[in-house]
Amino acid sequence: MNHYDVPRGIDVLRVFCGPDGRHGNTLGVVRDGSSHPDEASRRRLARQLGFSETVFVDDPERGRVDIHTPGLRLPFAGHPLVGAAWLLDLEILELPVGDVFARQDGEFTWITARPEWAPPRTLQQYATAAEVEALPGPPPGEGRLYAWAWEDEAAGRVRARAFPRLGEGIVEDEATGAAAMLLSAHLGRALNIAQGRGSQILTAPAPDGTVEVGGRVLMAARG
């Protein structure tokens, strides 16, 4: 288990952990968003923590949250919302783009959202899962890239890796719910995605155009 030296009032979660409880994408959650009341201070803290995303909880009862990368404020992101839904144990999270519905199902936490809320990214298919695993780093280019290949197309099993390519110091995302949601919507089917070093993301598209994204969440540290 990783050890994190985090300021007081911040939880560190691992979202989309594998079946063995390992891996997952690290998430910082600021329990009281008023401690960092403006965008500049939130961005500074996100840079200080160095996680791909940090969530600020502005209203824990209504589920109003604000998501920041080290360099950007995001209207929507997958693993921060799955983590916040697990931590706050709410059925609705309030975002500027709209309400995100959440539910708990055994060891999995699920959110339902619209793919068009996700930041745009390139979904690049490779011929084999081995090719995705062999990538030494982000391929040349700019903007978010989701490299994926079928492990078992009939079963909906996918191997994926995510490269932000935003110049924020985050070379690779261990698990990316928004990208998984976009891929599931693009393919029109439920997926079981193995991403990064060993994270697991589940998806399920619905007839109304929304996609459900789910995974395991564990507490890594509490400041």
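Two notes before the residues. Numbering starts at 1 along each chain as its sequence is written, and side-chain values use heavy atoms, with hydrogens and water left out. Since the model is predicted, local features need pLDDT of at least 70 and side-chain atom pairs count only at pLDDT 80 or more, while totals for chains, interfaces and linings use all residues.

I start with salt bridges. The term stands for a side-chain nitrogen of Lys or Arg within 4 Å of a carboxyl oxygen of Asp or Glu. By that rule there are 17 salt bridges.

One of them joins Arg31 and Asp11, with 2.4 Å between the closest N and O atoms. This pair links distant parts of the chain: Asp11 is in strand 1, Arg31 is in the loop between strand 2 and helix 1 (39-49), and they are 20 residues apart. Helices (H or I, at least four residues) and strands (E, at least two) are DSSP runs, numbered from the N terminus. Asp11 is buried at a relative accessible area of 0%, whereas Arg31 is partly exposed at 32%. Here buried means under 20% relative accessible area, exposed means over 50%, and partly exposed is in between, using a 1.4 Å probe and protein chains only.

Another salt bridge is formed by Arg103 and Glu212, at 2.5 Å from N to O. Arg103 sits in strand 7 (residues 98-105) and Glu212 in strand 14 (residues 211-222), 109 residues apart. Arg103 counts as partly exposed at 36% relative accessibility, and Glu212 as buried at 16%.

Glu172 and Arg161 also form a salt bridge, their closest N and O atoms being 2.9 Å apart. Arg161 is in strand 11, and Glu172 is in the loop between strand 11 (157-163) and helix 4 (177-187).

Which residues are linked in a network of salt bridges? They are Arg42, Asp58, Asp66 and Arg73. Asp66 belongs to strand 4 (residues 64-68). Asp66 counts as buried because its relative accessibility is 6%. Its side chain makes a polar contact of 2.9 Å with that of His68. A polar contact is a pair of N or O atoms within 3.5 Å; within protein, one must be able to donate a hydrogen and the other to accept it, and residues adjacent in sequence count only if both atoms are side-chain atoms. Apart from neighbours within four places in sequence, Asp66 is in contact (heavy atoms within 4.5 Å) with residues including Thr54, Val55 and Phe56.

Next, aromatic rings. The structure holds two aromatic pairs. One is Trp148 with Trp150, edge-to-face, at 5.5 Å centre to centre and 85 degrees between the planes. Rings of Phe, Tyr and Trp (its six-membered ring) pair if their centres lie within 6.5 Å; planes under 30 degrees apart are stacked, over 60 edge-to-face, and the rest tilted. Trp148 is buried at 2% relative accessibility, and Trp150 is buried at 16%.

Last, the backbone. Most residues other than glycine have a negative phi. Phe16, in strand 1 (residues 10-17), has a positive phi near 70 degrees. Asp89 also has a positive phi, of about 55 degrees.
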